[in-house]
Amino acid sequence: MSLANGRPYLAIPGPSVAPDRVLNAMHQPSVNIYEGPLHDMADSLFPDLKAVARTTNRVALYIGNGHASWEAALTNVFSRGDKALVLATGIFGVGWGEAAQGLGIDVQTLDFGRRSGIDLEQVEQALRADKSHEIKAVLATHTDTATTIRNDIAALRKCIDTTGHPALLMVDCIASLGCDRFEMDDWGVDVVVAASQKGLMTPPGLCFVWFSDKADRMHESADLTTPYWNWTTRAKSPELFRKFGGTAPVQHIFGLREALDMLAEEGIEAVWARHEKLAQAVWAALECWGTSGPIEMNISDPALRSNAVTSVRIGAPDGTRLRKWLEANTGVTLGIGLGMGSDDDPDSDGFFRIAHMGHVNAHMVLGVLAAIQSGLIALDIPHGTGALEAAARIVATA
Ligand SMILES: *Cc1c(COP(=O)(O)O)cnc(C)c1O
């Protein structure tokens, strides 16, 4: 017998759990892509996507994953040889920088390691040192899904402003949009990228780039722009065919429409509050386990932790042992220690991640924590007591 039989729970930070409502909405035959109701439905995605990112700016939609959105954003604003300042707080920040470099952008990286957020003093120094304003944009990650650092984007904007530097602020919100508070307009972000399969609760396959007028002006002279990724066509064409650069992803449009309805019904503030509370339940459990034994959250300062995913240090090989045990015995799949190891063990066996992003509620998160508790007992991994009680207390005070 196996206690894993029953509905599985993929508690990895993307793809996140797809709601039945979204899956059912997608389970429909293709419809006419040249005229008819699909057009109105596709048009309705644009204002709602702007609402989720809290902006009145424009948004471009693409068939692609998060990596595609990186390239879409970069090619629309940069010219070959332009300089970018990349602020890395984990593998995704590093990855966006590598994508830029691969496109022929001159990348200057400030790497803040795997356990701390962006150090604004260093950013300020780098921008002040750039007297001729060669840096065209600052690239930052809101939540780095590997380290599970959440950077303070509003503070980063203020820091850029104090230097008087005109660089654009471009932010990867792939792991935070629809999970953590994010205010594109209030925080003065010029370019935002996200994808469908995390907080937006839709299967992987769509990605989005929001852009300000300032970014759009830079776009006018950007020579890396290609016809397919050009955001002007995507964001401003009236025809559906041009909005998607070809055949519209019909079923994904149905799914995203449903997901955006769900977010609107709950209210984005309530969505953020739910993520915050559930994250606190996860952290309360981890703190208890960590009072005795090897378990430790990768980010010690709660103010720097993502509300969508938590990276945990447990020591090799127990991260991998625990993940495998949970999958085989409880139906829960935890995230791997993506990019947290060394050259010979890049996705470290000494880590695991718990995703609490998107379509998750208290019983799912409490279930994951209880499954981890079972794994710690079964594998004889030392841990402190009271974790489930502590998590339940957070839920009880919701
Ligand atoms: C998931 C993720 C990506 C990459 O998205 P893919 O869809 O896997 O290409 C990039 N950045 C962040 C912050 C992410 O969480």
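I take contact to mean heavy atoms within 4.5 Å. The model I am reading is predicted.

**Entry: helix H5**

I started with H5, residues 120-129, and asked which of its residues are buried. They are Val123, Ala126 and Leu127. Viewed down the axis of H5, these buried residues fall within an arc of 95 degrees, so they line one face of the helix. The general rule is that an α-helix has 3.6 residues a turn, so residues three or four places apart point the same way.

I then looked at the other side of H5, where Glu121, Gln125 and Ala129 are exposed. Next I listed what covers the buried residues of H5.

**Entry: the largest pocket**

I looked up the largest pocket and noted a volume of about 510 Å³. Its lining holds 24 residues, and Arg7, Tyr9, Val17, His359 and Met364 lie nearest the centre.

Which elements each supply at least two residues of this lining? I found strand E1 (9-11) and the helices H1 (20-26), H10 (250-266) and H13 (362-378). H13 gives the largest share, five residues. Sorted by class, the pocket lining has 14 nonpolar residues, six polar and four charged.

**Entry: the cavity**

I searched the whole structure for cavities of 30 Å³ or more and recorded one. The largest cavity holds about 40 Å³ of space.

I wrote down its lining as Tyr9, Leu10, Ala11, Ile12, Ser16, Val17, Ala355, His356, Met357 and Val360. The largest share, three residues, comes from E1. Eight residues of the cavity lining are nonpolar and two are polar, with no charged residues. Tyr9 and Val17 stand in this lining, and I had already noted Tyr9 and Val17 among the residues nearest the centre of the largest pocket.

**Entry: Gly66**

Is Gly66 buried or exposed? Its relative accessible area is 9%, and the cut-off for buried is under 20%, so Gly66 counts as buried.

Setting aside neighbours within four places in sequence, I find Gly66 in contact with Ile174 and Ala195. I also took the separation of the C-alpha atoms of Gly66 and Phe78, which is 19 Å for residues twelve apart along the chain.

Terms used. Residues are numbered from 1 along each chain as its sequence is written. This is a predicted model: local features need pLDDT of at least 70, side-chain atom pairs count only at pLDDT 80 or more; totals for chains, interfaces and linings use all residues. Side-chain values use heavy atoms; hydrogens and water are left out. On a 1 Å grid over the protein atoms alone, a cavity is a set of points where a 1.4 Å probe fits but cannot get out, and a pocket is an open set with protein on both sides within 12 Å along at least five of seven lines; lining residues have an atom within 4 Å of a point. Grid points are joined across faces, edges and corners, and a volume is the space filled by probe spheres set on the points. Helices (H or I, at least four residues) and strands (E, at least two) are DSSP runs, numbered from the N terminus. Ala, Val, Leu, Ile, Met, Phe, Trp, Tyr, Cys and Pro count as nonpolar, Asp, Glu, Lys and Arg as charged, and the others, Gly among them, as polar. Buried means under 20% relative accessible area, exposed over 50%, partly exposed in between (1.4 Å probe, protein chains only). The arc is that of the directions from the helix axis to the C-beta atoms.
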